[in-house]
Amino acid sequence: MIDVAHPATYADGVPHAEFRRLREAGNVSWVPEPALIRHSSAGQTAVRGTGYWAVVGHPEVVEVARLPEAYSSAAKGAFLVDPRTKADLRTARQLLVNMDAPEHARIRKLVTSVFTPKAIGGLADSVRGHAANLVEKVVAAPEFDVVTDFAAELPLLVLTDLLGMPKEDRHLLYRWGNQLVGFDDPEYGGGDVEAYRRTFVEAFQYALGKRAEAVRSPRDDLMSKLANAELDGHPLADREFCQFWLLLVVAGNETTRHLLAGSIRALADHPAQRDALAADPSMLPTAVEELLRWVTPIMQFRRTATRDLVLGGRKIAAGDKVVLYYTSANRDERVFTDPDRLDLARAVNPHLAFGIGPHFCLGTHLARLEATAALSGLAPHLHRLRIAEPVVRMESNFVNGIKSLPARWLAG
Ligand code: HEM
């Protein structure tokens, strides 16, 4: 049986056949957790979680996500692996994704007050500019890496604009994102607990430096708004500020990177769809939604049951871990016609790539803007693109990630 809980499983791709089997088995199944190795200066330890309910059907995922008082994001956080200590849980809870009402609504309001559609709309020209420059650069190179030269670069450049950072510092965002999101990947985080904590310290020091600059000389960017924002009449505490800053760095970096890389790969694997898009750019809006469904860059988020419940006919006990598999919900045969077919013209597409409910993604406008700019620039060239080997995937049970996707252009 394929272990959907193990990060290493995903090195070979998302196990869609196994998720289909789990859907056929009733949409809610108990999954035992494997022992994961963690390193620190004290040595090596194997950490095994309690096991969890894998929620793999679309209506069931929606049901859980829309009942936050029964399925908490704060009780043990929203990540699959339990926080190791109470202190770790307290730290985690400073992050928006790991909050419940009323704190969640309070902080989310602050975020939405800075992260407005107007603020994002103001970025549109620079996003398109970055995408056009990157397209020009990779098209001129005989060989390139889709991930490191293109898919990773666009969100990093956009983030430097958003956060008022010099472009040269984007490698820091790349490294921090890889270390935190790729914690389980041997090449990135490597399960090194101390390196993980060091990344927080380093990123927070950087963020506080930027905050001090923005307080001294405010500009008209999101960073300055955030640096000077108030919550209940008080400036944000340093920790609150840093946690929000880091959430943007992580959420706005890996997710869009994997969407772009996964989309380019999907188009290379589906030449008829790729050519249809190149021939008719008016397909872009449905194409972006279909690629979001197809790739589902964030495969799951976790909740904890606050009371005994029944879900999909299964008895869930208070305290149980409940994992929302967006990646499986997005292939649910009850909701999507022919779900394993990439259909860039798919008209009815209620995918859950951005989640649903009170934690619905705050970066949807930005992610769609970046994907649209990238794909519209690349589409006319993609018929000449050939993926080379080796394609290297990330060992992660959280993001559907590709680390390296070498490519070359055919002449002509
Ligand atoms: C393709 C790109 C993206 C995908 C697939 C994605 C996916 C998600 C998902 C699934 C959640 C729900 C979390 C949960 O269920 O607990 C979420 C939340 C969030 N996302 Fe995104 N995201 C993307 C891009 C972005 C970007 C570009 C930003 C900002 C720069 C962003 C900021 C956030 C924030 C702040 C939350 C937390 C919302 C809350 O807890 O209330 N995301 N995202």
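1. In this predicted model, a polar side-chain atom of H104 lies 2.6 Å from an oxygen atom of the ligand. For R108 the corresponding separation from a ligand oxygen atom is 2.7 Å, and for H359 it is 2.6 Å. Two or more residues of the shell around the ligand come from each of α4 (103–114), α12 (238–251), α13 (254–269) and β9.

2. The ligand is surrounded by 27 residues, of which H104, R108, Y326, H359 and C361 are the closest. By class, the shell residues divide into 18 nonpolar, 7 polar and 2 charged.

3. Strand β9 also belongs to an open sheet of 5 strands with mixed pairing, ordered β1-β4-β12-β9-β5. The edge strands, each pairing on one side only, are β1 (28–31) and β5 (71–72). Between β5 and β9 the pairing is antiparallel, over 2 bridges, and Y71 stands opposite A305 in β9.

4. Helix α2 (residues 58–65) lies across β1, β4 (52–55), β5, β9 and β12 (321–325). The helix runs at about 125° to β12.

5. Is T304 buried or exposed? T304, in strand β9 (residues 300–305), has a relative accessible area of 4%. That is under the 20% cut-off, so T304 counts as buried.

6. The side chains of T304 and R302 are joined by a polar contact of 3.2 Å. Leaving aside residues up to four places away in sequence, T304 touches A70, Y71, S72, A75, K76, G319 and D320. Among these, Y71 is the residue that stands opposite A305 in β9.

Notes
Residues are numbered from 1 along each chain as its sequence is written. This is a predicted model: local features need pLDDT of at least 70, side-chain atom pairs count only at pLDDT 80 or more; totals for chains, interfaces and linings use all residues. Side-chain values use heavy atoms; hydrogens and water are left out. Helices (H or I, at least four residues) and strands (E, at least two) are DSSP runs, numbered from the N terminus. Buried means under 20% relative accessible area, exposed over 50%, partly exposed in between (1.4 Å probe, protein chains only). A polar contact is a pair of N or O atoms within 3.5 Å; within protein, one must be able to donate a hydrogen and the other to accept it, and residues adjacent in sequence count only if both atoms are side-chain atoms. Contact means heavy atoms within 4.5 Å. Two strands pair if DSSP finds at least two bridges between them. Axes are lines fitted to C-alpha atoms, for helices over the stretch in contact, and angles run from 0 to 180 degrees between N-to-C directions. A residue is near a molecule or strand if one of its heavy atoms lies within 4 Å of it. Ala, Val, Leu, Ile, Met, Phe, Trp, Tyr, Cys and Pro count as nonpolar, Asp, Glu, Lys and Arg as charged, and the others, Gly among them, as polar.
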